[in-house]
Amino acid sequence: MADLQPTSADDRLTRWVHEHARAIRGYLLGVVRNASDADELAQETFRRAWEARDRYQEQGQERAYLLRIADRLACDRLRKRGREVQLDADAWQAREPQIDDEPHQRMDRFETSGRLNAALQALSEMQRRVLLLRYFGEFEFAAIAEATGCPLGTVLSHCHRGLESLRKRLTEIVHEA
Amino acid sequence: MKPELEELESRLRAATSRQAADLDAETASLRDGFLILGGRLEDETSVRDELRLISALRDVHSAEAVSVKKATDASSRDLGPMLVFLATLAAALLVSASIAWNVFYGTPAIRNPIAQPEPHKKTEGTTVIAEETSPAEEPLLAWDDSLEETFVSAQWRVRQAGSLTSAADTEVESLYDRIQSVAEELDPASL
């Protein structure tokens with residue numbers, strides 16, 4: 001991990017975003033499954049982390065610190081919604097297409113996105129949280145249990161079922177890859 | 001922890017590890033789906049998204065800095081009337097304390113400004129034992145005299161009382177002399 005004492009506050013904020021924005025937004029996108037919500041929550045995550053930066057003592061654990069904030073915000077958002085929101089194709093395609101993308105590449109991307117959407121939709125909220133905390137934060141399962149408030153056995157069970165579900169739905173992508 | 005749980009954790013740890021490792025076919029197939037999902041989600045955030053996020057955070061940061069400055073200015077402005085009020089209150093208390101001091105510890109003239117001391121009357125055959133005080137000599141006291149002025153006035157009155165006593169003593173001595181001379185005149189022996 002990089003040093004936590006950069007030259008200026010702006011540098012530190014910029015470094016945080018460069019190092020962790022992809023992971024934080026990716027996590028949020030996977031859990032809330034809506035691009036505009038993910039953008040908003042990512043901004044809120046960094047803002048809160050920035051406000052509490054003086055109290056933050058766990059040096060070298062920035063990613064985990066940010067992911068915990070993002071996880072709480074995502075859960076709050078899902079609770080407020082009270083229901084699972086379907087990820088619409090436009091939201092999933094929020095990423096600007098690369099200029100050098102060929103039409104068939106765009107089509108591939110669209111099809112892949114559709115499969116990913118279906119795979120994500122098949123996962124429960126807890127399965128998504130467990131798998132994505134493991135992927136983006138490389139949390140130990142015990143830490144995931146602590147963050148989610150679930151027993152370790154339950155976390156392992158969610159992880160296993162989630163992986164099985166992904167394998168079933170992403171087999172074609174795996175083969176194409 | 002139960003052995004089967006430990007085994008499951010170990011297997012899942014390998015299936016969800018981002019570092020390549022020697023895995024059995026079953027675990028490897030689980031890991032493929034996991035890596036594809038995470039990788040695609042990560043790729044959804046472009047450089048443009050990062051820049052937009054940095055810009056938004058800077059806007060929030062600068063807006064907060066401005067709001068903190070405004071709040072500080074506003075709080076200092078709010079203190080102005082409070083300071084004026086406190087100063088007025090302190091002045092009023094000081095004046096009240098001064099009046100109270102004069103009422104309870106001041107001279108009788110001040111305690112009862114209406115009752116004026118009677119002027120000394122001249123009587124036949126007697127000399128005036130004290131000069132009337134001239135208004136210019138006696139310190140004048142008013143309702144807003146300071147404590148120091150009250151003390152000066154009190155000292156002046158004490159001195160005046162002392163001078164009255166010494167004048168009376170002189171008069172008694174002269175009377176005594178005159179009585180002595182009359183007694184000598186009436187003494188038969190001297191006749």
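Colleague: Leaving aside neighbours within four places in sequence, which residues is Phe46(A) in contact with?

Modeller: Happy to start there, with one note: this is a predicted model, where local features need pLDDT of at least 70, side-chain atom pairs count only at pLDDT 80 or more, and totals for chains, interfaces and linings use all residues. Residues are numbered from 1 along each chain as its sequence is written, chains are lettered from A and ligands numbered from 1 in the order in which they are written, and side-chain values use heavy atoms, without hydrogens and water. Contact means heavy atoms within 4.5 Å. With those neighbours set aside, the partners of Phe46(A) are Trp16(A), Val17(A), His20(A), Ala21(A), Ile24(A), Leu66(A), Leu53(B) and Leu57(B).

Colleague: Which residues touch the most other members of the largest nonpolar core, and which helix gives the most to this core?

Modeller: A nonpolar core is a set of buried Ala, Val, Leu, Ile, Met, Phe, Trp, Tyr and Cys residues joined through side-chain atoms within 4.5 Å; buried means under 20% relative accessible area, exposed over 50%, and partly exposed in between, using a 1.4 Å probe and protein chains only. In the largest core, which has 63 residues, Phe46(A) and Leu37(B) touch the most other members. The top contributor to this core, with eleven residues, is helix 1 (residues 9-32) of chain A.

Colleague: Where do Glu140(A) and Arg13(B) lie, and why does their pair join two chains?

Modeller: Their side chains form a salt bridge at 3.3 Å, N to O; the term means a side-chain nitrogen of Lys or Arg within 4 Å of a carboxyl oxygen of Asp or Glu. Glu140(A) lies in the loop between helix 6 (125-137) and helix 7 (141-148) of chain A, whereas Arg13(B) belongs to helix 1 (residues 3-15) of chain B, so the pair joins chain A and chain B.

Colleague: What about Glu26(B) and Arg167(A): which helices does that pair come from?

Modeller: This is also a salt bridge, at 3.1 Å from N to O. Glu26(B) is partly exposed, at 35% relative accessible area. The pair crosses between chains, and its two ends sit in helix 2 (residues 25-43) of chain B for Glu26(B) and helix 8 (residues 152-169) of chain A for Arg167(A).

Colleague: How many residues apart are Glu51(A) and Arg47(A) in helix 2 of chain A?

Modeller: Their side chains meet in a salt bridge of 2.4 Å, N to O. Glu51(A) is partly exposed at 41%, and Arg47(A) is partly exposed at 22%. Helices here are DSSP runs of H or I with at least four residues, strands are runs of E with at least two, and both are numbered from the N terminus. Within helix 2 (residues 35-51), about one helical turn separates the pair, because the two are apart by four residues.

Colleague: How many disulfides are there over all chains?

Modeller: A disulfide is a pair of cysteine sulfur atoms within 2.5 Å. The closest cysteine sulfur to that of Cys150(A) belongs to Cys75(A), 9.8 Å away, so the two are too far apart for a bond. Over all chains, the count is zero.

Colleague: And how many helices does chain B have?

Modeller: Of the 191 residues in chain B, 17% are buried. Along the sequence the pattern reads α-α-α-α-α. Chain B has zero strands, and its number of helices is five.
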